[in-house]
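Here is a set of questions and answers on how terms are applied to a protein model. Each answer sets a value against its definition.

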Amino acid sequence: MSDSLRVRGLRFNHGTRALIDDVSITLPSGEMIALIGPNGAGKSTLLRLLTGFLTPAAGECWLGERPLKAWPRTLLAQRRAVMRQQNSVTFPLPAEEVVAMGRAPWPPGKAQAVIEEVMQITGSLELVGRDYRSLSGGEQQRVQLARVLAQLWHDDGPRGWLFLDEPTSALDLFWQQHSLRLLHKLTRNGGLSVCMVLHDLNLASLWSDRVLLLHQGKLVAQGAPQDVMTESTLTRWYQADLRVVMPQEQGRPQIQLRA
Ligand SMILES: Nc1ncnc2c1ncn2[C@@H]1O[C@H](COP(=O)(O)OP(=O)(O)OP(=O)(O)O)[C@@H](O)[C@H]1O
Ligand SMILES: [Mg+2]
């Protein structure tokens, strides 16, 4: 699937304040894209605009050959899935039923096989039968990742656009690596495109093809990790006291805070 995501002059206001201010981007399909920026920069708002959950004041998002809002609802749900920053379930529900929600846009035929496969690859099979509300934060995040992968699962694996808002925020080191390696591998297969908000710049650097840096609603830098994650750019936009090192073995910048 070669559906790029495009938007020109995107704006979103709250009262007189611009939360998203004239953002233009083209996201090619098949990549891992990290959306970074300080708290309140507008990352979650931008994700909601790009996924059609918010209506922009100006600018129109295009997915493939048509504007987002021209996509039939079911077809769109089969080609773009969203994992939000907070996901609450207020009633008793086993983990596998949360994953099964991802199959809502699909005919029921293969649901069971897909649910098992995505729970297996995300490491959440061991959570089958557990009440979602009783799971730890990290376990819930693994189940949510399984849910959105189930939603995009076509005959030969996941296809389309996956939007993730801080998908690793509750994961330990093992599961951070596991989840990002998995997403990276699935994008290399060509069918899946990932756009994820990450606060952990080291994870963003290791696994993304492209980094977008947002600050006060404006896109202030974009490019390969080594182009965006420089000491001067990060210090300027985050105002943090940090240094950037480039370990020989991976050729990707790593960010260290100074004590
Ligand atoms: N519905 C709303 N009403 C008023 N202000 C809002 C609303 N939604 C977001 N904002 C404000 O817009 C700005 C951007 O919010 P957003 O949630 O997009 O930030 P973010 O970059 O995702 O931040 P974080 O890293 O903390 O998750 C913030 O200042 C926030 O307070
Ligand atoms: Mg946010």
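This is a predicted model: local features need pLDDT of at least 70, side-chain atom pairs count only at pLDDT 80 or more; totals for chains, interfaces and linings use all residues.

Residues are numbered from 1 along each chain as its sequence is written, chains are lettered from A and ligands numbered from 1 in the order in which they are written, and side-chain values use heavy atoms, with hydrogens and water left out.

Q: How many aromatic pairs does the structure hold?
A: The structure holds 2 aromatic pairs. Rings of Phe, Tyr and Trp (its six-membered ring) pair if their centres lie within 6.5 Å; planes under 30 degrees apart count as stacked, over 60 as edge-to-face and the rest as tilted.

Q: Why is the pair of tryptophan 161 and phenylalanine 163 called stacked?
A: The ring centres of tryptophan 161 and phenylalanine 163 are 5.8 Å apart and the planes stand at 25°, so the pair is stacked.

Q: What makes the pair of phenylalanine 174 and tryptophan 175 edge-to-face?
A: The planes of phenylalanine 174 and tryptophan 175 are at 85°, with 4.9 Å centre to centre, and the pair is edge-to-face.

Q: Why does phenylalanine 174 get its own label of accessibility?
A: Phenylalanine 174 has 48% relative accessibility and therefore counts as partly exposed.

Q: How do you know that a charge sits over the ring of tryptophan 71?
A: A charge sits over a ring if NZ of Lys or CZ of Arg is within 6 Å of the ring centre and within 35 degrees of the ring normal. The charged end of arginine 66 is 4.5 Å from the centre of the ring of tryptophan 71, and sits over that ring.

Q: What lies over the face of tryptophan 175?
A: Arginine 142 lies there, at 3.9 Å from the ring centre.

Q: Why are helices H5 and H6 called roughly parallel?
A: Helices (H or I, at least four residues) and strands (E, at least two) are DSSP runs, numbered from the N terminus. Axes are lines fitted to C-alpha atoms, for helices over the stretch in contact, and angles run from 0 to 180 degrees between N-to-C directions. The axes of H5 (residues 137-151) and H6 (residues 173-188) come within 12 Å and cross at roughly 10°. Angles under 35 degrees count as roughly parallel, over 145 as roughly antiparallel, 65 to 115 as roughly perpendicular and the rest as oblique. H5 and H6 are therefore roughly parallel to each other.

Q: Which residues of H5 meet H6?
A: Contact means heavy atoms within 4.5 Å. Arg142, Leu145 and Leu149 in H5 meet residues of H6, among them Trp175 and Ser179.

Q: What makes helix H1 largely enclosed by the rest of the structure?
A: In H1 (residues 43-50), 7 of the 8 residues are buried, so the helix is largely enclosed. The buried residues include Lys43, Ser44 and Thr45. Just after H1, glycine 52 takes a positive phi of about 85°.

Q: Is glutamine 216 buried or exposed?
A: At 62% relative accessibility, glutamine 216 counts as exposed. Glutamine 216 is found in the loop between strand E11 (210-215) and strand E12 (218-223), and its phi is near 45°, a positive value in a residue other than glycine.

Q: Why is glutamine 78 called buried?
A: Glutamine 78 has a relative accessible area of 14%, so it is buried. Glutamine 78 is found in helix H2 (residues 73-79). Leaving out residues up to four places away in sequence, glutamine 78 touches residues including Pro105 and Trp106.

Note on methods: Buried means under 20% relative accessible area, exposed over 50%, partly exposed in between (1.4 Å probe, protein chains only).
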